[in-house]
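Subject: Structure handover and notes

Dear colleague,

I am passing on the structure we spoke about, and my notes on it come after it. Please read them with the model open beside you.

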Amino acid sequence: MTKRIVAYSRLKPTHLDQLRQRFHVDYFEALKSTDDPGFLQALSQAHGIVGSSLPITPELLDAAPQLEAIASISVGYDNYPVDELTRRGILLCNTPDVLTETTADTGFLLLMASARRAIELAEFVKRGDWQESIGEAHFGSDVHGKTLGMIGLGRIGAAVARRGALGFGMQVRYAFASPKPELERELGAVRCELDELLAQSDFVCVTVPLSAETTHLIGRREFGLMKRSAIFVNIARGKVVDEAALIGALESGEIRAAGLDVFEQEPLSPESPLPHMPNVVALPHIGSATHETRDAMAQRAVDNITLALEGQRPISLVNEAACKPRR
């Protein structure tokens with residue numbers, strides 16, 4: 001019997017051809033909602049799912065009685081009920097490693113652009129307001145030699161920290177992560193408590209995954225501990241930060257600026273003040289959005305689902321316990 005796959009994110013013809021050589025593929029390009037009747041019909045016969053962005057609920061899993069594996073085209077997996085998948089013996093695969101460096105580039109881009117006020121001053125030039133040599137009112141802040149506080153020091157956090165320490169001579173502090181002795185030796189990084197990190201850092205960068213423990217990890221109290229000159233960067237998930245508290249801290253001058261690639265609601269609401277604030281650099285969740293990286297992510301997902309449905313261990317498996325079916 002040929003197994004069936006439902007794919008609901010944009011895939012290149014080469015990726016689809018690779019899947020179709022082994023499986024029957026029902027392809028829904030840029031699916032907007034999991035309520036789509038055609039999607040639900042295909043799901044009822046599916047052994048595998050390939051996609052990203054849309055939430056997969058226990059109710060959807062009920063509609064897929066033959067499902068064996070899901071290959072998410074992402075590193076984060078907060079859209080999936082991991083415990084429920086594990087209970088049902090459904091493998092969940094993701095795409096770490098292939099997007100690490102690209103996402104770290106984005107994080108350091110936000111850090112640099114916020115510090116040097118790049119977007120704000122580029123708009124200043126575009127408006128024709130550059131009529132004389134700039135003065136102190138348009139000065140930014142140095143990045144080199146400053147203290148970089150990393151909240152989370154996994155693959156992406158470590159890559160951001162390397163850019164800071166090795167490229168810009170920054171002193172690295174890290175919190176909300178297990179001890180990293182190798183990185184401490186390589187970068188001179190110092191592990192500390194979160195409150196200490198917030199008080200000492202010139203730049204605070206968040207890279208932790210979203211979980212019950214990290215939801216609104218950074219809120220009013222935490223912003224109050226930061227330097228008034230601090231710049232806050234979030235490339236993790238929007239819900240790690242209490243966005244109302246962030247807006248308040250930026251408006252009041254409690255912190256100096258923010259560079260944001262993620263938000264509590266995505267796409268960002270037109271009512272949000274964040275993109276209109278001069279001390280905010282706001283990007284539309286582009287962390288991994290390069291041609292090369294998105295192609296590598298899709299390829300990893302294709303490889304993961306192929307291995308999983310052919311009875312082999314996927315390259316990147318989130319829920320190891322699901323290897324022993326518990327249905």
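The notes below go through the sheet, the nonpolar cores and the charged side chains.

Please keep in mind throughout that this is a predicted model.

I begin with the sheet, which is open and has 5 strands in the order β2-β1-β3-β4-β5, with parallel pairing. Its edges are formed by β2 (24-27) and β5 (91-93), and because each of these has a single partner strand, one side of each is left without a neighbour in the sheet. From one strand to the next the twist averages 15 degrees. Within the sheet, strand β1 (residues 4-7) runs parallel to strand β3 (residues 48-51) and is joined to it by 3 bridges, and if you wish to locate the pairing by residue, I5 has G48 as its bridge partner in β3.

Helix α1 (residues 13-20) lies across β1 and β2, and it runs at about 140 degrees to β2. Helix α12 also packs on the sheet, where it touches β1, β3, β4 (69-72) and β5, and its direction makes about 170 degrees with that of β4.

As to the nonpolar residues, the largest core has 54 of them, and those with the most contacts inside it are L19, V50, L148, M150, V160, F203 and I305. Helix α12 (residues 291-309), already mentioned for its packing on the sheet, gives the most to this core, with 7 residues. Apart from this core lies another, of 30 residues, among them L194, A236, L246 and A258. Returning to V160, and leaving aside its neighbours within four places in sequence, one finds that V160 is in contact with A104, F108, L148, M150, C205 and I235.

Turning to charge, the structure holds 20 salt bridges. In one of them E29 pairs with R10, with the closest N and O atoms 3.6 Å apart; since E29 lies in the loop between β2 and α2 (37-43) and R10 in the loop between β1 and α1, the pair ties together parts that are 19 residues apart in sequence. R10 counts as exposed, because its relative accessibility is 61%, above the cut-off of 50%.

With regard to accessibility, D195 is partly exposed at 34% and R221 is partly exposed at 48%, whereas E222 is buried at 11%.

Finally, I would draw your attention to D97, in the loop between β5 and α5 (100-115), which counts as partly exposed at 42% relative accessibility. Which residues does D97 contact, leaving aside its neighbours within four places in sequence? They are R155 and R300, and a polar contact of 2.7 Å joins the side chains of D97 and R155. D97 and S316 are 219 residues apart in sequence, yet their C-alpha atoms are 9.2 Å apart in space.

With best regards

Terms used
Residues are numbered from 1 along each chain as its sequence is written. This is a predicted model: local features need pLDDT of at least 70, side-chain atom pairs count only at pLDDT 80 or more; totals for chains, interfaces and linings use all residues. Side-chain values use heavy atoms; hydrogens and water are left out. A nonpolar core is a set of buried Ala, Val, Leu, Ile, Met, Phe, Trp, Tyr and Cys residues joined through side-chain atoms within 4.5 Å. Buried means under 20% relative accessible area, exposed over 50%, partly exposed in between (1.4 Å probe, protein chains only). Helices (H or I, at least four residues) and strands (E, at least two) are DSSP runs, numbered from the N terminus. Contact means heavy atoms within 4.5 Å. Two strands pair if DSSP finds at least two bridges between them. Axes are lines fitted to C-alpha atoms, for helices over the stretch in contact, and angles run from 0 to 180 degrees between N-to-C directions. A salt bridge is a side-chain nitrogen of Lys or Arg within 4 Å of a carboxyl oxygen of Asp or Glu. A polar contact is a pair of N or O atoms within 3.5 Å; within protein, one must be able to donate a hydrogen and the other to accept it, and residues adjacent in sequence count only if both atoms are side-chain atoms.
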